[in-house]
Amino acid sequence: MFFKTIIMQSGNRRQLNNGHVSVADIVMTYGKPNAAVQALQGINFEVKPGELFGIIGPDGAGKTSLFRILTTLLLPTGGRAEVGGFDVVKDYQAIRNSVGYMPGRFSLYPDLTVAENLAFFATIFNTSISENYDLIKDIYLQIEPFRNRRAGQLSGGMKQKLALSCALIHRPSVLFLDEPTTGVDAVSRREFWEMLRRLKAQGITILVSTPYMDEAGLCERVALLQNGRMLGIDTPAGITASFGKLLLAVRNENMLPLLKLLKSFEEVEEAYPFGEYHHVVLKQGSEKDLRARLKAAGMEAEVITAVPGIEDCFMDLMKN
Amino acid sequence: MRTLRFLLQKEFRQIFRDPAILRIIFVMPVMQLVLLPMAADYEVKNIRLAVVDHDHSVYSQQLIRKISASGYFLLTRYAASYQEAMKAVESDAADLVLELPSSFEKDLVKEEEAPVFMAVNAINGVKASLGSAYLRSIVQDFNQQVRAEWLQLPRFNPEPVVQVTSSNWYNPLMNYRYFMVPGILVILITMIGSFLAALNIVREKEIGTIEQINVTPIRKYQFILGKLIPFWVLGLAILSIGLLIARIVYGIIPAGSLFTIYLFAAVYLLAVLGIGLLISSYTQTQQQAMLISFFLIMVFILLGGLYTSVDSMPQWARYLVKLNPVSYFIEVMRMVVLKGSGTGEIKGHLISILAFALFFNTWAVLSYRKRS
């Protein structure tokens, strides 16, 4: 019995070798075989140690399922995944020792104070706040004035900072952030990404999922996820560079009739609202041709060439 | 061990910070223990009686006076006919009809016997059977009285009469509360032990904190012990408060040793905590857990021998009672508090409860998953 305890203890302390994450043919099916929902249909990707990796996809793409598999909360239906060289099914205990997970929903104890929550998560990882204070200092300093306030009474941005502090307090090798910026205001979002960049500098591998395309540019590499399938993995620049068609931005005072008109042209592959412009993807022809076409239809509009962003690429990939 | 200590610290902090839980744990039991035994009473009183007296004689008046003086009956209607009295029963103004024939006095004196008629509203079975039994014994008593007045008794009683004298052991005054308070206390401990623990765990599921806990190296046994120990302690605290109330309010001082009670309670709480754990691993929301608890507590109370005697149940129901851990503790409480039974006498119960504790906890631990 005593001997067994020692083995369990040593198993308990096992740490990850590195921050490498690899996912191979991961399939996740929910429900009974006859009415199954395919949340993930064969996902493959690798994340290098110390990388800031983004998983971009709309709601229901399978982001949370993927994160729950990688954090050993969910058993995949098929495929293999490794975090830091450990298998998520067999060596889950080692993974739990040294990954940080911040679920999409705030899930700290609302009836414990900020300081108590942090101390609690530090102790259950067999560490203390002071031991890893340097890692969370930047973030924790911002919520320090509220250290005696109950976590449930914090504002959204504060909750998020506390959750991040709690996920980091044991100095994880890999940090999983599931939609950390959903429901957070623009300023806090920017601050949050700034924090991630600093954490990356500490050598922590970060996997972050988000439904916001504009955040993709802040990652080193992104994976585009849609309906449980991977649409593409590349650097943000690489993804936008792969957009091989002409993209135009069009606007006038009557945006709705303009969009209808644009969609009716046969040379237009796709037209969709984008900020104060409509983005138009052309099958053939040039900027000039479209301008002439609009004039012929009796519609005055400003037409300029646009630089494709991640969202444009995503729309394009989704269609094909 | 260190992890467990911090889990416990967190758990107690949360419990003592939640005013609702404190109220449920400390105020409700006190209220229930003080109010319920006073209100819930086996004795049937206030039976409403309608009398149809066709005789209007001295004897009939005497009988009626004797009945209303007994304290069990309320003379609500003095009807002229049986039909009128039945109307009173139909409109729920009377539970019992007593009809005295017009020749009541004459027959009683001359024939030495007089028939009376009794009609009972048997919707409430207990009230009907007890009410008619009370009335019958009063009439019999009256009969004796009249016979004594009129008859020259022979020198020797022609028929041998067996007279029964009884003495009530363990509860000499047959105080109903001595019997009920220990039982209600058991129900309270059961509710705290199993259902509060279940709700507490399901709450962690509901607010998502269990997810966060599951990604940590906390082991299954640590998490489960961290949940069970606080409610085990609370259960024993409730038992102490309950015993104190029983002593102060009802003057019930256990005849047996407190050690026996606490020993049994300590094991019993393990069993009910196992039930709580089991409920929590099969439910996702506090609402579901609540409804299941509600259903279970009904079964526990009705098949636990708290209100109804187990010995008068049909055989199949008695087997079900054997599967109800609550019935064991109720019996043990009554044995120790009233009879003064010691550890030796409750050994069988203790072993059964130990088996329950092992069974429920094993099942619960096996069904609890840190991941899906």
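In which sense, left-handed or right-handed, does α4(A) pass α1(B)? In this predicted model, α4(A) passes α1(B) in a left-handed crossing. The two helices, α4(A) and helix α1 (residues 2-17) of chain B, pack at an angle of about 160°, and their axes are 9 Å apart. That angle makes α4(A) roughly antiparallel to α1(B), since angles over 145 degrees count that way. On the chain A side, the contact is made by A:F120, A:T123 and A:I124 of α4(A), and these meet B:T3, B:F6 and B:K10 of α1(B). Sorted by class, the contact of α4(A) with α1(B) comes to three nonpolar, two polar and one charged residues.

Now for the whole meeting place of the two chains. Here 23 residues of chain A are in contact with 19 residues of chain B. Which elements give two or more residues to the side of chain A that touches chain B? They are α3 (92-98), β6 (99-102) and α4 (114-124) of chain A. By class, this side of chain A has 13 nonpolar, seven polar and three charged residues.

Chain B comes next. Its domain assignment gives two pieces: domain 1 covers 2-40 + 175-367, while domain 2 covers 47-150. In other words, the stretch 47-150 of domain 2 falls between the two segments 2-40 and 175-367 of domain 1. The C-alpha centres of domain 1 of chain B and domain 2 of chain B lie 48 Å apart.

Chain B also has a helix pair of its own to look at. The axes of helix α7 (residues 176-207) of chain B and helix α9 (residues 220-250) of chain B come within 9 Å and cross at roughly 160°. So α7(B) and α9(B) are roughly antiparallel to each other. This time the crossing is right-handed, with α7(B) passing α9(B). Residues of α7(B) in the contact include B:V181, B:L185, B:L188, B:I192 and B:L196, and among those of α9(B) that they meet as a group are B:L228, B:F231, B:L234, B:I238 and B:L239. Glycines take part too, including B:G193 in α7(B) and B:G235 and B:G242 in α9(B). Counted by class, the contact of α7(B) with α9(B) has 15 nonpolar, four polar and two charged residues.

Back in chain A, there are strands to follow. Strand β9 (residues 221-226) of chain A and strand β10 (residues 229-234) of chain A pair in the antiparallel sense over five bridges. One of the paired positions is A:V222, whose bridge partner in β10(A) is A:D234. How many residues lie between β9(A) and β10(A) in their hairpin? There are two, and A:N227 in the turn has a positive phi of about 50°.

Further along chain A, four strands form an open sheet in the order β12-β13-β11-β14, with antiparallel pairing. At the edges sit β12 (268-274) and β14 (302-305) of chain A, each pairing on one side only. From one strand to the next, the twist averages 25°. Within this sheet, β12(A) and strand β13 (residues 277-282) of chain A pair over six bridges in the antiparallel sense, and A:P273 stands opposite A:H278 in β13(A).

Helices lie across this sheet as well. Helix α9 (residues 255-264) of chain A lies across β11 (246-251), β12 and β13 of chain A and runs at about 160° to β12(A). Helix α11 (residues 310-319) of chain A lies across β11, β12 and β13 of chain A too, running at about 135° to β12(A).

Methods
Residues are numbered from 1 along each chain as its sequence is written. Chains are lettered from A and ligands numbered from 1 in the order in which they are written. This is a predicted model: local features need pLDDT of at least 70, side-chain atom pairs count only at pLDDT 80 or more; totals for chains, interfaces and linings use all residues. Domain bounds come from an automatic or database domain assignment. Axes are lines fitted to C-alpha atoms, for helices over the stretch in contact, and angles run from 0 to 180 degrees between N-to-C directions. Angles under 35 degrees count as roughly parallel, over 145 as roughly antiparallel, 65 to 115 as roughly perpendicular and the rest as oblique. A crossing is left-handed if the near helix is turned anticlockwise from the far one by less than a right angle, and right-handed if clockwise. Two residues are in contact if their C-beta atoms, placed from the backbone, lie within 7 Å. Ala, Val, Leu, Ile, Met, Phe, Trp, Tyr, Cys and Pro count as nonpolar, Asp, Glu, Lys and Arg as charged, and the others, Gly among them, as polar. Two strands pair if DSSP finds at least two bridges between them.
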